[in-house]
Amino acid sequence: MPLRKAVDELFSQARKPTLLPVPELDLPSEPRMLDREQIQERQRMERQRVLESNFSWLQRMANPQEPALLERMTLFWHGHFACDIDNSVLAAQYLNTLRSHALGKFRDLVVAIAREPAMIRYLNNQQNRKDQPNENFARELLELFTIGRGNYTETDIKEGARAFTGWSSTLRGEYIFRPGQHDYDRKTFFGKTGNFDGTDIIDLILERKETALFIVKKIYRYFVNETGPEERIHALAQEFYASGYDISRLMQTIFGSDWFYLPENMGNKIKSPVELLAGMIRSLGLQFEDGLGAVFIQRALGQVLFHPPNVAGWPGGKSWIDNSTLMTRLNLPTIFLASAEANLRPKDDLTVKERSAGLRRLKATYDLQPFSRLIRQNDPEAALNSLREYLLQKESAVDNATIRQYIQATEPGAFLAQSIMRIMSLPEYQMC
Amino acid sequence: MRRREFLRQSGLASTALFVPAFLNQLQFGKLQQRRSGKILIVIQLSGGNDGLNTIVPYRNDLYYKFRPSLGIPPEQVLKVDADQGFNPALESLRSLYDDGLVTVLNSVGYPNPDRSHFRSMDIWHSASSSQEYWNTGWLGRYLDSNCAGCATPYHAIELDDYLSLALKGAQRTGFAMSEPAQLKRTTENRFLKAIGQQHPASEDHDHVAYLYKTMASTQSSANYLFEQSKVYASSVAYPQTPFGRDLKTVAELITADTDTKIYYVSLTGFDTHANQKVQQERLLKQYADGVNALVTDLKQQGLLQDTLILTFSEFGRRVSQNASNGTDHGTANNLFLIGGSLKKPGFFNEAPDLTTLDEEDLIYKLDFRSVYSTVLKQWLQADVPDILGSDFPALALLG
């Protein structure tokens, strides 16, 4: 069964995630000696390092040597366990956690996230102490990370928060359990009473089938289609629950199903800015002169890695698109392949000089060598068809004749560059 | 004859600078009565403007106790009332205040305030409570409601490269442009133009149709807005800054009778943790001079009655100054309404209470959603519960 085999291969590639080296936290020897301006200067530098981490993550997603499935899954979990991070050490640890468990057991992932210093700080669990509980983490754990609204009470949040008291982080950015701050008394959660700690609470939440359904719905929406038949989603949730929340098996079932490959499930979702960008970097072999340029595009398009808008993550779908983000998306191929366009009539398209300050950073070189095998034959029509098939997940309504009116080059290299530029400028290229 | 046609036909488009003010008023006096629409301009002060050094409670000893070096000495305050006055940098706002064109609302905020810039801004944009995460903004949901003209792509314009959450609805969104000429450039890609024309807006609701529709409407809007921006050239002096330029663009588009009801403009840099005075006063002056120019401009055109300017910031700052002559993130803050149709110009409510604080921060007295509710109901004639999720009581602010 060739499909099964292809899917298996996808997963075997992803089995052993390579983790990032976590940099040593640059702590001052005498933190108390720093004045306010020095602290602010350090914060500025940290933010700069996070931008560098951002760019290196983006490049990793775009690197054909990296297992694509693992990278997509990791990005998905970043949106799910959304966390705003201003420190490169915390960012590296958090990303390693996501990547280690991205295709593992969901329980391990949730427990690891609950102990993740970046998340602990983001959701104020450092302030969650026995004498003064802070409910922020417990609330989001239930509402956004596991079971979803309508399946718990305010009391569950309060009692749950007590179980996570003392789950804290050190100045160095390591997880630490502080027994003195932990509430060891009995708690009543989901109607059960016991001396629960955080992991018990997570287990109680995962015991509920609604949790499997909540996660499966979100994965289905992200990877398959924004809507889908109830029975199919329920069946997937059933299986996910029965497998002990095995993410890998769930994804194997999804990718191994015939319905996954039906036309209605192909090219029906709008690429997120990071997906769009990583895809373009990968396809065009882009090398940025300045990595900040790539971060600038994320910002202009509304998705900056490590900086989700809030703990609910990026809403996705149509919300990616407004007049401004769409025009930027559609103009990106022209910007990246500007020299291809420069052979045409530089005046009426976006040219480097006319772009706003931020776009000036977008100097990048490209390498179209891998495409040349697609257009070996000296047949423009066949070449365009191959490129369309390769680049577009959704067939475009714009025909080759129209596209060819905007390709003047005849020399094979220039023809290739211009063809790619036009096809990537089609609105259908925004779909995945 | 619409304002725009008038300006066109009288050949004023390029020579508007030389038109005597009396002629403007004479001619426009007739036109303005035909103008039905009210205009809302939202000005966002990003970073958390320090409200206590904006409107200064100069008679309150506690204020000077909390701010031994940052407090503004009484003799420097622009006093407008027995207890409160303006920051000295706000001279041109004070003159609008003296003309009865400003209402100051004190202690505006929301329950369980969040001190993160992003989160608090989110709350102000979406008008959610601090426990909820909404994906749409209050003005975006206004566009979603069946308001007259809401289907126009540029019914609400944000002067920026990207659109804020405030202007994102579930079905419709506002329109972002940093300036009309820049917008036009992004639509000049010949290939995109060709396919935009080839595939006019379809009624289809799938995502691809939505992309084509958004592309085509951006292309046509870009031309329209670019043309509109050339109809009238303001002769009023605006600050020579991006913010000043944005306000000038707004005035010019309004004067040209553009089919836009809401304008959204931001001024950023108010996060004054250290050495606040210089930075805040530079920004406040820019704000006040810009708004004064805008009001002067619109007044000359007889449009002030139809204009409401709402100014907010995501939070105010800590009551006590910090060790670096700055202030840290706080909670409740003041909010300004400016325009020619205010019911109660002056101070809407009493100065902030500095005796009863919550974790060293001000306690809010007016929920910002009541202000939104008032604007939606009384200015935009919209259905409030639909947009805000529940019916926040309107305040007696507008005529």
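This is a predicted model: local features need pLDDT of at least 70, side-chain atom pairs count only at pLDDT 80 or more; totals for chains, interfaces and linings use all residues.

Let's start with the sulfur link. How many disulfides does the structure hold over all chains? The count is 1.

A:C83 has 0% relative accessibility, so it counts as buried. A:C432 comes out at 16%, and it is buried because the cut-off is under 20%.

Next, the interface. A general reminder: interface size is often quoted as the accessible area lost when the parts come together. Here, chain B and chain A bury about 4,200 Å² between them. Carbon and sulfur atoms give 57% of that area. Chain B puts 44 residues into the contact, and chain A puts in 52.

What holds polar groups across it? There are 9 residue pairs in polar contact between chain B and chain A, with both partners at pLDDT 80 or more. Which elements of chain B supply at least two residues each to the side that touches chain A? They are α5 (117-126), β7 (175-177), α7 (180-186), α8 (190-198) and α9 (207-231). The largest share comes from α9(B), with 8 residues. By type, that side of chain B divides into 17 nonpolar, 18 polar and 9 charged residues. And salt bridges between chain B and chain A? The count is 0.

Over all chains, though, the structure holds 32 salt bridges.

First on my list is A:R60 with A:E71. Their closest N and O atoms are 3.4 Å apart. A:R60 belongs to helix α2 (residues 36-62) of chain A, and A:E71 to helix α3 (residues 68-80), so please look at both helices on the screen. The two residues are 11 apart in the chain. Buried or exposed? A:R60 is buried, at 12% relative accessible area. A:E71 is buried too, at 2%. This pair is part of a network of salt bridges that links A:R60, A:E66, A:E71 and A:R99.

Now A:D183 and A:R162. Their side chains meet in a salt bridge, 2.7 Å from N to O. A:D183 lies in the loop between β2 (175-177) and β3 (187-189) of chain A, and A:R162 lies in helix α8 (residues 154-163), so the pair ties together parts 21 residues apart in sequence. A:D183 and A:R162 are both buried.

The last pair is A:E381 and A:R404. The N to O distance is 2.9 Å. A:E381 is in helix α17 (residues 380-391) of chain A, and A:R404 is in helix α18 (residues 400-405), 23 residues apart. A:E381 is partly exposed, with a relative accessible area of 32%. A:R404 is partly exposed as well, at 38%.

Staying in chain A, look at helix α5 (residues 106-114). How many of its 9 residues are buried? The count is 7, and the helix is mostly covered. The buried residues are A:F106, A:L109, A:V110, A:V111, A:A112, A:I113 and A:A114.

Now some backbone geometry. Most residues other than glycine have a negative phi. A:N124 has a positive phi, near 60 degrees. It lies in the loop between α6 (117-122) and α7 (136-146) of chain A. A:N124 is partly exposed, with a relative accessible area of 26%. B:E360 also has a positive phi, near 65 degrees. B:E360 is found in the loop between β11 and β12 of chain B.

B:D361 is in that loop, between β11 (346-347) and β12 (366-367). B:D361 is buried, at 1% relative accessible area. Which side chain makes a polar contact with the side chain of B:D361? B:R318 does, at 3.2 Å.

One more stop: B:S46, in strand β1 (residues 39-46) of chain B. B:S46 is buried, with a relative accessible area of 13%. Beyond four places in sequence, its contacts include B:M121, B:S266, B:F270 and B:E314.

That's my tour. Questions, please.

Technical notes
Residues are numbered from 1 along each chain as its sequence is written. Chains are lettered from A and ligands numbered from 1 in the order in which they are written. Side-chain values use heavy atoms; hydrogens and water are left out. Contact means heavy atoms within 4.5 Å. Buried area is the accessible area (1.4 Å probe) that two parts lose on being put together, summed over both. A salt bridge is a side-chain nitrogen of Lys or Arg within 4 Å of a carboxyl oxygen of Asp or Glu. A polar contact is a pair of N or O atoms within 3.5 Å; within protein, one must be able to donate a hydrogen and the other to accept it, and residues adjacent in sequence count only if both atoms are side-chain atoms. Helices (H or I, at least four residues) and strands (E, at least two) are DSSP runs, numbered from the N terminus. Ala, Val, Leu, Ile, Met, Phe, Trp, Tyr, Cys and Pro count as nonpolar, Asp, Glu, Lys and Arg as charged, and the others, Gly among them, as polar. A disulfide is a pair of cysteine sulfur atoms within 2.5 Å. Buried means under 20% relative accessible area, exposed over 50%, partly exposed in between (1.4 Å probe, protein chains only).
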